[in-house]
Amino acid sequence: MKRRVGLFVTCLVDLFRPSIGFAALKLLEAAGCEVLVPATQTCCGQPGWNSGERASARALAEKVIAEFEACDHLVAPSGSCAGMIRTHYKDLFPGEGAWLARVEALAAKTYELTDFLVRVAGLESVPGDYRGTITYHDSCAGLRELGVKQQPRQLLAKMPGVTLKEMKDCEVCCGFGGTFSVKFGDISAAIADAKCEHVAACGADAVVLGDLGCMLNIEGRLRRRGDDRTQVLHVAEVLAGKP
Amino acid sequence: MHFKARAGKALADRKLQSVLKRFGGGFVEKRAAARAELGVALFEELRDAGAVIRDRALATLDVWLLRFEQEAQRRGATVLWAHDGAEVRRLVLDICRRHGLKKAIKSKSMLSEEADLNEALADTGVTPVETDLGEYIIQLAGEAPSHIIAPAIHKDREQVSDLFAEHHRRARLTDIEQMTREARLMLREHFLSADLGISGGNFLLAETGSVAIVTNEGNGRMVTTLPKVHVAITGIEKVIPTLEDFAALMRLLPRSATGQAISNYVSLLTGPRDEGDLDGPEHMYFILVDNGRSNLVGSDLQEMLRCIRCGACMNHCPVYQTVGGHAYGWVYPGPMGSVLTPAYVGLENALDLPQAATLCGACHVACPVKIPLPELLRKLREKQVQAKLRPRGERAALRMWGFMALRPWLYAPLTRIGARMLKLMGGRRGRISRLPLGGGGWTLGRDMPAPEGRTFRELYAKRGGGASE
């Protein structure tokens, strides 16, 4: 019986990089899953949650739960969204037994993409054929909320053309922080700049990561610094290869 | 607090940026090494134990404080209670008058910073001399501390050489060992001539009525034993029940702060000099300060009171390491400061601080007593919203997003338009140099990569993937 996986595309992938959504889909199918894409999905509610707009976040959480709870798993190409659902949704329903049961059930089957592919689906080989030296940026939520660290590296290690070179401070925040990136744009860009320095110093052709917020932030700063060479890639697109 | 303006200044301060880049990572590396040396599994167990010990003390804080008072008094110390900074100043000045004190030496006390004590003492003609080397340096510079453990961490050797040359009226030195020796020489005078010693306190031990002082320099001992009067000022949340609790926390504190297994000096001071003692103060006073702490007890911010003032959070914070401690505008910088400042000086007086965080969680992971700092910051953001302290435009934008995201029939066409528009704006190069409206903050220092131009939703539907129910 195939696993029925609900793909949570994420608002940023939907708007900016649909190809990453398709890459995730391809990988999940390669892992033998039946992939469903609930059509009404929009946002996990994190922007409201982090900003203190509890009601708005809660309304979106209710929607996500209703949309995905029938699936065997919810998988997102984002540590930040998966983390929101897995670790923070319960805080939106304090003391509400019925909702909490549904939240717990969904949280228990919610995964970041590489974590799912390694720990649940046991994906043996990946279709991608990237050739080059890459370095991996560990997105904060994925790392600290979900324990995503070895999983992307394990998957990338299956690619013979990929050489992984760890950069200094790969676990240090890139400075995105959601609305922080516009509210405190100067500090955010300065933190991004430090990340870009480390990327440059390690000499990789590409920096690979698992979250769109980090991706847009790091790429945006690299280009402003005049670096048009270094690629910024989502781990899904590296692993999935050409569409 | 105008954090934003100060942060902007800090970003433009090339000397500060150079110092941060060169020295910012030091404590992080040292802590990691100490943690590995002890053994990661044991260190993490200790963190769990540390949180339990602190929570246990906070759960019945009043009991332990009264016990401390009892034990301290039994051993001849006087215990005074200060509601706020003003009362701290009044009590200290009272003590000076009572004993005819003329000159104060200080070892580090963040509470004395909260109370603006130095100014008050200077105003009455009792010169307070900071003897912690870092505090001494910034006292010469007329600045506030920028880090709770290393107050002068924002200064480099060149700047200190300049300060010493200016104030010591001697030849300018550049060798660190020589400079330290010169500072010792200067400070010796003060140690021997002071009649009042003011210290902070890392912990108050209820079991014995002692104050624990954890230092790397000998000034802590000089200040607390040479002058005839010793005043220890610290916050009421510092009380811990037993010596065993202290031992456990001491396995965490120096490792988390500076990467040392133990600091050079660990002092437990219990009462003034006894008859027959060769040294010690004749009179010992405790000033136990509230200044907002009791408000946090029983609140949803109570976990912040676990803090053992190690500084690990700010060492690991990408924001602190980018703007330095002065940008935070009050006594406590970094993540712990971003919680304590609004808690102690008022939510409305520190609007930026809880917002100026990426919620990356590095502070939480580093905290020896597992304070959930990102969650506390988020709670403060929520309190700001509830108190209607957020700008209208910001609330409107977030509400609009929420409104849209709840209505796929609206969300889908709007994001389709958005994807196309942003792609157009990105032009041939595929990037946007200036975002309109609220997005301007992003493009100050970065480009915005252009989207691919179509949404996943529409492309997936086109491919024939549609309903999934």
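## A pair of bridged residues

Which residue in β3(B) is the bridge partner of B:Ile105? The partner is B:Val129. The model described here is predicted.

In general, strands of a sheet pair through backbone hydrogen bonds, and the pairing can be parallel or antiparallel.

## Two helices of chain B

Helix α10 (residues 157-168) and helix α11 (residues 176-193) of chain B have axes that come within 11 Å and cross at roughly 35°. The crossing of α10(B) and α11(B) is left-handed.

On the α10(B) side, the residues that meet α11(B) are B:Arg157, B:Val160, B:Ser161, B:Phe164 and B:His168. Their counterparts in α11(B) are B:Ile176, B:Met179, B:Glu182 and B:Met186. By class, this contact has five nonpolar, two polar and two charged residues.

## Domains of chain B

Chain B is divided into three parts: domain 1 (24-294), domain 2 (301-386) and domain 3 (392-462). The C-alpha centres of domain 1 and domain 2 of chain B are 22 Å apart. Between these two domains, 29 residues of domain 1 are in contact with 23 residues of domain 2.

Several helices supply at least two residues each to the domain 1 side of this contact in chain B: α3 (26-38), α4 (40-59), α7 (110-114) and α13 (243-257). The largest share, six residues, comes from α4(B). Sorted by class, the domain 1 side has twelve nonpolar, nine polar and eight charged residues.

## Domains of chain A

Chain A has a domain 1 (4-119) and a domain 2 (132-240). Their centres, taken over C-alpha atoms, are separated by 22 Å. In chain A, 30 residues of domain 1 are in contact with 23 residues of domain 2.

The elements of chain A that give two or more residues to the domain 1 side are α1 (11-16), α2 (18-30), α3 (46-51), α5 (79-88) and α7 (113-119). That side of domain 1 of chain A consists of 13 nonpolar, eleven polar and six charged residues.

## Where the chains meet

How many residues of chain B are in contact with chain A? There are 55, and they are in contact with 53 residues of chain A. The chain B side has 28 nonpolar, 17 polar and ten charged residues.

One helix pair spans the two chains. Helix α4 (residues 54-68) of chain A packs with helix α21 (residues 392-405) of chain B at an angle of about 15°, and the axes are 10 Å apart. Because angles under 35 degrees count as roughly parallel, α4(A) is roughly parallel to α21(B). Their crossing is left-handed. In this contact, A:Ser56, A:Ala59 and A:Leu60 of α4(A) meet B:Leu398, B:Arg399, B:Gly402 and B:Ala405 of α21(B). By class, the residues of the contact between α4(A) and α21(B) are four nonpolar, two polar and one charged.

Definitions and conventions: Residues are numbered from 1 along each chain as its sequence is written. Chains are lettered from A and ligands numbered from 1 in the order in which they are written. This is a predicted model: local features need pLDDT of at least 70, side-chain atom pairs count only at pLDDT 80 or more; totals for chains, interfaces and linings use all residues. Two residues are in contact if their C-beta atoms, placed from the backbone, lie within 7 Å. Ala, Val, Leu, Ile, Met, Phe, Trp, Tyr, Cys and Pro count as nonpolar, Asp, Glu, Lys and Arg as charged, and the others, Gly among them, as polar. Domain bounds come from an automatic or database domain assignment. Helices (H or I, at least four residues) and strands (E, at least two) are DSSP runs, numbered from the N terminus. Axes are lines fitted to C-alpha atoms, for helices over the stretch in contact, and angles run from 0 to 180 degrees between N-to-C directions. Angles under 35 degrees count as roughly parallel, over 145 as roughly antiparallel, 65 to 115 as roughly perpendicular and the rest as oblique. A crossing is left-handed if the near helix is turned anticlockwise from the far one by less than a right angle, and right-handed if clockwise. Two strands pair if DSSP finds at least two bridges between them.
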